[in-house]
Amino acid sequence: MAARVLLQRRSFAPLAAAALGGIAFSPAVVFAEAPKRKPIYDEVEFHSPLPVAPSPPAVLPSQPINDNADEEPASRVPTPTDRLAVQIGRARLFLYDVAVAAENKVNQTMDSAFDLEQSFTRTIASLAPPRESGEKLMPGGIYVLVAAMAGSILTRNRSIVLRATLPFALGVGASWTVLPITMRNVSDLAWKYEQKFPAVADSHIKLREGIQRGIHFAKVHREVGVQYVDDKVTNVREAVENWVAQGK
């Protein structure tokens, strides 16, 4: 029996050697027949930290390179609607300018009117005498009016020159007598307006100088006349006194 087992082992040895040799020479068959197993670890994907530069676009030979890409596009031809809009804008600007000019003119006219009114009010107020002077316009004006009417009554049957000058002269004289401060303010205002016309101002100056010269001469003649009368009266008195003394 031991011999039989030994013979079996000897007959099985060449078969095993042949099987191992076939496996060694044909591994693909072995692996193809083996079952596929899933790996116990997931596959790890490695990403590069550096960004990948995009590849330059391919330029076809038939496509020309546009070197003037940054240039502005050609100007568009204006349409009739665009031209109409431009004309409407110009008309609106013209109307706006006309309206602004008219408004400015009205404002200037109103300002001039207000300035004239204020100037007239200030001028009339400047003619009035101050309160501390004690001069009153109401009684003084009545006296001046009465003097002018008296002059017109006195020259009722006289010449036209006398009827025109005497009431005025009496009125002015009464004004300077009754309302001296008011007449001084009036004369200063008249002189201010006369300075705007040199010919009138020169005539006024000459007339005033002539009047002042005549008044001065009148005063001198009056003083001379008074002195002459005093001398005559003194002589007469001395003569009478001497005659009375001799008669005694």
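**Entry 1: the whole chain**

I started by counting elements, and the protein chain has seven helices and zero strands. I kept in mind that this is a predicted model. Reading along the sequence, I wrote down the pattern α-α-α-α-α-α-α.

Next I looked up burial. Of the 248 residues in the protein chain, 8% count as buried.

Then I turned to contacts across the sequence. I took contacts between residues at least 6 apart in sequence, and 49% of them join residues at least 24 apart.

**Entry 2: α5 against α6**

I picked a helix pair to look at. Two packed helices are described by the angle between their axes and the distance between the axes, so I looked up both. For helix α5 (residues 160–178) and helix α6 (residues 180–194), the axes come within 5 Å. They cross at roughly 115°.

Which residues in α5 meet α6? I found Ser 175, Trp 176, Thr 177 and Val 178 on the α5 side. On the α6 side, I listed Pro 180, Met 183, Arg 184 and Ser 187. Sorted by class, this contact has four nonpolar, three polar and one charged residues.

**Entry 3: Ser 175**

I stayed with Ser 175, which lies in helix α5. Is it buried or exposed? Ser 175 counts as buried because its relative accessibility is 9%, and the cut-off for buried is under 20%. Leaving out residues up to four places away in sequence, I found that Ser 175 touches Val 144, Pro 180 and Met 183. Pro 180 and Met 183 were already on my α6 list.

**Entry 4: a nonpolar patch**

Back to Val 178, which meets α6 but also turns up in a nonpolar patch on the surface.

Which helix gives the most to the nonpolar patch? That is helix α4 (residues 137–154), with four residues.

**Entry 5: Lys 136**

Last, I checked the loop between α3 (80–127) and α4, where Lys 136 has its place. Lys 136 counts as exposed because its relative accessibility is 62%, and exposed means over 50%. I also looked up Lys 136 with Leu 179: they are 43 residues apart along the chain, and their C-alpha atoms are separated by 7.9 Å.

Key
Residues numbered from 1 in each chain as written. Predicted model: local features only at pLDDT ≥ 70, side-chain atom pairs only at ≥ 80, totals over all residues. Heavy atoms only, no water. Axes fitted to C-alpha atoms, helices over the stretch in contact; angles between N-to-C directions. Helix = DSSP H or I, 4+ residues; strand = E, 2+ residues; numbered from the N terminus. Contact = heavy atoms within 4.5 Å. Nonpolar A, V, L, I, M, F, W, Y, C, P; charged D, E, K, R; others polar. Patch = residues over 30% accessible without salt bridge, like charges linked within 9 Å, V, L, I, M, F, W, Y side chains within 5 Å. Areas by Shrake-Rupley, 256 points an atom, 1.4 Å probe, with all protein chains shown as cover. Salt bridge = Lys/Arg side-chain N within 4 Å of Asp/Glu carboxyl O. Buried < 20%, exposed > 50% of the residue type's maximum accessible area, 1.4 Å probe, protein only.
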